[in-house]
Structures are given as structure tokens and as C-alpha cells.
Amino acid sequence: MPVLRELDRDECERLLRRGTFGRVVLVSPRGPEIVPVNYTVVGAVVVVRTTPDGTLVRYGADRAIAFEVDVVDDAQWQGWSVVARGVGVLVTDPPAGLDRAWLRPWADGDRAVELHLPWTELTGRQVGAAWDGADALWSRRTAR
């Protein structure tokens with residue numbers, strides 16, 4: 001049976017920074033919502049581009065939200081998950097100088113607004129041992 005272990009903050013941050021795709025978790029009037037997104041990390045902030053009238057803007061700004069990124073290898077019974085928690089910040093006039101090449105939206109439409117998540121909590125877990133969770137990312141950043 002694979003061993004489950006808690007990841008320390010540094011390992012959580014390393015994995016979070018290497019990824020490109022995750023999920024924003026928030027609450028709307030319909031209940032919990034999970035929104036898949038591509039993202040980048042700037043400093044201690046997860047950054048997502050979104051539509052001005054979408055779910056992320058309506059229910060993510062100025063509210064407690066979470067962001068999750070993970071990798072699962074079913075065949076080897078191993079994987080990891082990192083969760084960032086904080087309060088969402090809507091940025092309608094993004095600051096100049098940020099390398100937005102990593103923020104090119106995968107989805108179509110007007111995605112000129114950014115939802116920032118400056119995390120106040122960063123946690124993670126890994127199941128399985130003797131493997132590098134970052135190398136398991138199917139889509140990853142190698143230089144930051």
C-alpha cells in the first residue's frame with residue numbers, strides 16, 4: 001500500500017509554480033463550483049485570466065476561494081495534490097511588466113480580467129514514494 005505524506009510549504013510551492021492547469025474552487029448561489037483554468041504564479045499569487053462577466057468574477061472576487069493542482073498516476077498508485085487558499089482579488093487593469101505569455105487563455109472569448117489569489121494557506125499531500133511530483137506534470141513550466 002503506498003504511503004501518504006503531507007508536503008511541506010516549500011514542496012507545495014515548487015509544485016504549484018511548475019504547473020499550468022488547475023481548478024478554482026468557489027461557492028455560488030448554486031453551491032460549490034469547480035472551474036478548470038490555466039494559470040501562472042507571480043510571487044505568492046495564483047493568477048488566472050477570465051471573462052469580465054464569468055463565474056470567477058461574479059463569485060471569486062472578494063471571497064474565500066481555493067485553487068487546486070494535482071497529478072495522478074493510476075497505474076503506479078501515486079499522485080499529489082496542492083491546495084492554495086485565500087481571498088480572490090479582481091484585477092481589471094493588470095499591472096504592466098508581468099510576463100503574460102504564461103497567461104494566454106486556452107479558452108476563447110474576452111479574457112482581459114484577472115482573478116488573483118494571494119494565498120494565505122498552502123497545503124499538499126502525496127501518495128507514493130521515490131518519484132518527483134513535478135516531473136509527473138503532463139504540462140509544466142521548467143524555467144521561472
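Colleague: Before anything else, what does "buried" mean here?

Modeller: A residue is buried if its relative accessible area is under 20%. The model is a predicted one, and buried residues make up 46% of the 144 residues in the protein.

Colleague: How many helices and strands are there?

Modeller: The protein has two helices and nine strands. Starting at the N terminus, the elements follow the order β-α-β-β-β-β-α-β-β-β-β.

Colleague: And what share of the contacts join residues at least 24 apart?

Modeller: That share is 73%, counted among contacts between residues at least 6 apart in sequence.

Colleague: Let us take helix H1. Which of its residues are buried?

Modeller: Helix H1 spans residues 9-18, and its buried residues are Glu-11, Cys-12, Leu-15, Leu-16 and Arg-18. They lie on the same side of H1, because they cover an arc of only 165° around the axis.

Colleague: Why would residues a few places apart point the same way?

Modeller: An α-helix has 3.6 residues a turn, so residues three or four places apart point the same way.

Colleague: What covers the buried residues of H1?

Modeller: The cover includes strands E4 (40-42), E5, E6 (64-73), E7 (78-87) and E9.

Colleague: Which residue caps the N-terminal end of H1?

Modeller: Asp-8 is the cap: one of its side-chain oxygens lies 3.2 Å from the backbone nitrogen of Asp-10.

Colleague: New topic: Gly-22. Where is it, and is it buried or exposed?

Modeller: Gly-22 belongs to strand E2, residues 21-28. Gly-22 counts as buried because its relative accessibility is 0%, and the cut-off for buried is under 20%.

Colleague: What does Gly-22 touch?

Modeller: Leaving out residues up to four places away in sequence, Gly-22 touches Val-35, Pro-36, Val-37, Tyr-39, Phe-67, Glu-68 and Val-69. Tyr-39 is 17 residues from Gly-22 along the chain, and their C-alpha atoms are separated by 7.2 Å.

Colleague: What about Gln-126? Where does it sit, and is it buried or exposed?

Modeller: Gln-126 is in strand E9, which covers residues 113-127. Gln-126 has a relative accessible area of 3%, so it is buried. A polar atom of the Gln-126 side chain lies 3.2 Å from the backbone oxygen of Gly-128.

Colleague: Which residues line the largest cavity?

Modeller: Its lining consists of Val-24, Val-46, Val-48, Ile-65, Phe-67, Leu-115, His-116 and Leu-117. E5, E6 and E9 are the elements that give two or more residues to this lining. The largest share, three residues, comes from E9. By class, seven of the lining residues are nonpolar, one is polar and none is charged.

Colleague: And the largest pocket: how much space lies in it?

Modeller: About 180 Å³ of space lies in the largest pocket. There are 15 lining residues, and Pro-36, Val-37, Arg-49, Ala-107 and Arg-111 are those nearest the centre.

Colleague: Which element gives the most to that lining?

Modeller: E3 gives the most, with four residues. Strand E3 (31-38), strand E5 (45-50) and helix H2 (55-60) each supply at least two residues of the lining.

Colleague: How do the lining residues of the largest pocket divide by class?

Modeller: They divide into eight nonpolar, five polar and two charged residues.

Terms used. Residues are numbered from 1 along each chain as its sequence is written. This is a predicted model: local features need pLDDT of at least 70, side-chain atom pairs count only at pLDDT 80 or more; totals for chains, interfaces and linings use all residues. Side-chain values use heavy atoms; hydrogens and water are left out. On a 1 Å grid over the protein atoms alone, a cavity is a set of points where a 1.4 Å probe fits but cannot get out, and a pocket is an open set with protein on both sides within 12 Å along at least five of seven lines; lining residues have an atom within 4 Å of a point. Grid points are joined across faces, edges and corners, and a volume is the space filled by probe spheres set on the points. Ala, Val, Leu, Ile, Met, Phe, Trp, Tyr, Cys and Pro count as nonpolar, Asp, Glu, Lys and Arg as charged, and the others, Gly among them, as polar. Buried means under 20% relative accessible area, exposed over 50%, partly exposed in between (1.4 Å probe, protein chains only). A polar contact is a pair of N or O atoms within 3.5 Å; within protein, one must be able to donate a hydrogen and the other to accept it, and residues adjacent in sequence count only if both atoms are side-chain atoms. The arc is that of the directions from the helix axis to the C-beta atoms. Contact means heavy atoms within 4.5 Å.
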